Amino acid sequence: MDNQEFYRGTWAEVDLDAIEQNVKSFKKYVSNEVSVMAVVKANGYGHGAVAVAQKALRAGAEYLAVAILDEAIALREAGIEAPILVLGWVPPIYAEVAARNGITLTVFQEKWLEEAASILGKTLLNIHLKIDTGMGRLGIKEEDEAKQLIECLATHSSFYVEGFYTHFATADEPGNPFIEIQIDKFEKLASFLKENGLQPKWVHLGNSAGSIRVPKRIGNLIRLGISMYGLSPSQEMKSIQPFKLNAAFRLYSQVVHVKKMMAGEPISYGSTYHTSEGEWIGTIPIGYADGWIRKLSDAYVLVNGERAPIVGRICMDQFMVRLPSKIEVGTKVTLIGKEGSEEITIDDIAERLETINYEIPCMIGPRVPRLFKEYGEKKGVMNTILKK
Ligand code: PMH
């Protein structure tokens, strides 16, 4: 690991080639007229927003999406010039900051337009109008709200309506027809807006699951999130996944202490685990402050291709495992990833925590450095670049 910039034996490895493959697979699957918006909010679902954004753009994505204005500005500060849409509600007082940085905002309130217009003056802001077709989160729901927005937009020259969009609530449930109801509702309101003079460049409905299920009814842009990172939007979606997804996130640490125990010795806070005679116990330097939460105290890690169960309670910065045998201090351990025939996936961890895979890389905290891997120009030579 050259140009290493961290000083701990725990890191996440992000496979940028996997990101590239996934973007390319989606581009191939949807029609030529459909572009990709790479969703890199929440630090690229915990993978590292800047590196993922750059890779996705190189793989053919044309637009980026984030949740909040701060995330968009961070991408600009990193030198990214591609269009960026903020999916969440931005306080209207920051409309000028967004415009100055060439950032597109999501809009669905007349009052917001009025307030933003008074701040923008002659400065032009790119906006996408959000339609709520059944997510119940953000967006206009009815024609009279659309009418108010149209009238308001007509009285101000501060806005350029570049897009319309909606978000699916149940796209990851293959048997659920609600997606069609949402599409019908969207098409009706979008037609109304168009009849009243708005002709946006972009119309977008699909998240990962929606783009897989209804690739012909998702407009001309897909908002690709979870599956760009190589994960399936749900267990049920796995059975209808039309192409392979490549998981990009792996989590590694190392054994920093190894000791042979006598019978009945306690391990960790609360002395909840007692060793058997001759057991080898290893200490691993990652804990709940890194996102490896205490609920994972019955999980295991991989050491030299074998399972090593976590014993005792996970601490803030460390936990202990029962080793298969005596091993060297410094031996690499895998918390998420593959070793020989054994593999621990993000889905395994999510299942253990009774949650969704989305949450797992997001919860691995900023104290865990992200190490980006990609194959360089020379075939077969792995370049390792670190970007925090
Ligand atoms: N578009 C919007 C508006 C989103 O909120 C999200 C994900 C995506 C696209 C990408 O979806 P995908 O990751 O399923 O492809 N938003 C969230 C969320 O709010 N909670 O979990 C995922």
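Trp11 is buried (under 20% relative accessible area, with exposed over 50% and partly exposed in between; 1.4 Å probe, protein chains only), its relative accessible area being 10%. The structure is a predicted model, in which local features need pLDDT of at least 70 and side-chain atom pairs count only at pLDDT 80 or more, while totals for chains, interfaces and linings use all residues. Residues are numbered from 1 along each chain as its sequence is written, and side-chain values use heavy atoms, with hydrogens and water left out. Helices (H or I, at least four residues) and strands (E, at least two) are DSSP runs numbered from the N terminus.

**Aromatic pairs**

- A search of the whole structure finds six aromatic pairs; rings of Phe, Tyr and Trp (its six-membered ring) pair if their centres lie within 6.5 Å, and planes under 30 degrees apart count as stacked, over 60 as edge-to-face and the rest as tilted.
- One of the pairs joins Trp11 and Tyr252 in a tilted arrangement, 5.6 Å centre to centre and with 45° between the planes.
- Because Trp11 lies in strand E1 (residues 11–15) and Tyr252 in strand E10 (residues 249–254), this pair ties together parts that are 241 residues apart in sequence.
- Tyr252 is buried, with a relative accessible area of 6%.
- The rings of Phe26 and Phe243 form an edge-to-face pair, because their planes stand at 85°, with the centres 5.0 Å apart.
- Phe26 belongs to helix H1 (residues 16–29) and Phe243 to the loop between H10 and E10, so the pair ties together parts that are 217 residues apart in sequence.
- Phe26 is buried at a relative accessible area of 0%, and Phe243 counts as buried at 15% relative accessibility.
- Ring pairs link Phe26, Tyr29 and Phe243 into a cluster.
- The ring of Tyr252 also has the charged end of Lys332 over it, 3.8 Å from the ring centre; a charge sits over a ring if NZ of Lys or CZ of Arg is within 6 Å of the ring centre and within 35 degrees of the ring normal.

- E4 and E5 pair in the parallel sense over three bridges, where two strands pair if DSSP finds at least two bridges between them.
- In this pairing, Val86 stands opposite Leu105 in E5.
- Strand E5 (residues 103–107) and E6 also pair in the parallel sense, over three bridges, and Leu105 stands opposite Ile127 in E6.
- E6 and strand E7 (residues 159–165) pair in the parallel sense over six bridges, with Leu125 opposite Phe159 in E7.
- E4, H5 and E5 make a right-handed β-α-β unit; a crossover is right-handed if, with the strands pointing away from the viewer, the path from the first strand over the helix to the second runs clockwise.
- Right-handed β-α-β units are also made by E5, helix H6 (residues 110–120) and E6, and by E6, helix H7 (residues 143–155) and E7.

- Five of the five residues of E5 are buried, so E5 is largely enclosed by the rest of the structure.
- In a regular strand the side chains alternate between the two faces of the sheet.
- Both faces of E5 are covered, with Ile103, Leu105 and Val107 buried on one side and Thr104 and Thr106 buried on the other.
- Strand E6 (residues 125–130) has five of its six residues buried, so E6 is largely enclosed by the rest of the structure.

**Helix H4**

- The buried residues of helix H4 (residues 69–77) are Leu69, Glu71, Ala72, Ile73, Leu75 and Arg76.
- The elements covering these buried residues include helix H2 (41–45), helix H3 (49–58), strand E3 (63–66), strand E4 (84–86), helix H5 (95–100) and E5.
- Gly79, whose phi is positive, near 95°, follows H4.

- Ser227 is placed in the loop between strand E9 (221–224) and helix H10 (235–238) and is buried, with a relative accessible area of 0%.
- Leaving aside neighbours within four places in sequence, Ser227 is in contact (heavy atoms within 4.5 Å) with residues including Asn22, Phe26 and Leu245.
- Gly287 is placed in the loop between strand E14 (280–284) and strand E15 (300–303) and counts as buried at 0% relative accessibility.
- Leaving aside neighbours within four places in sequence, Gly287 is in contact with Trp292, Ile314, Cys315, Met316, Asp317 and Gln318.
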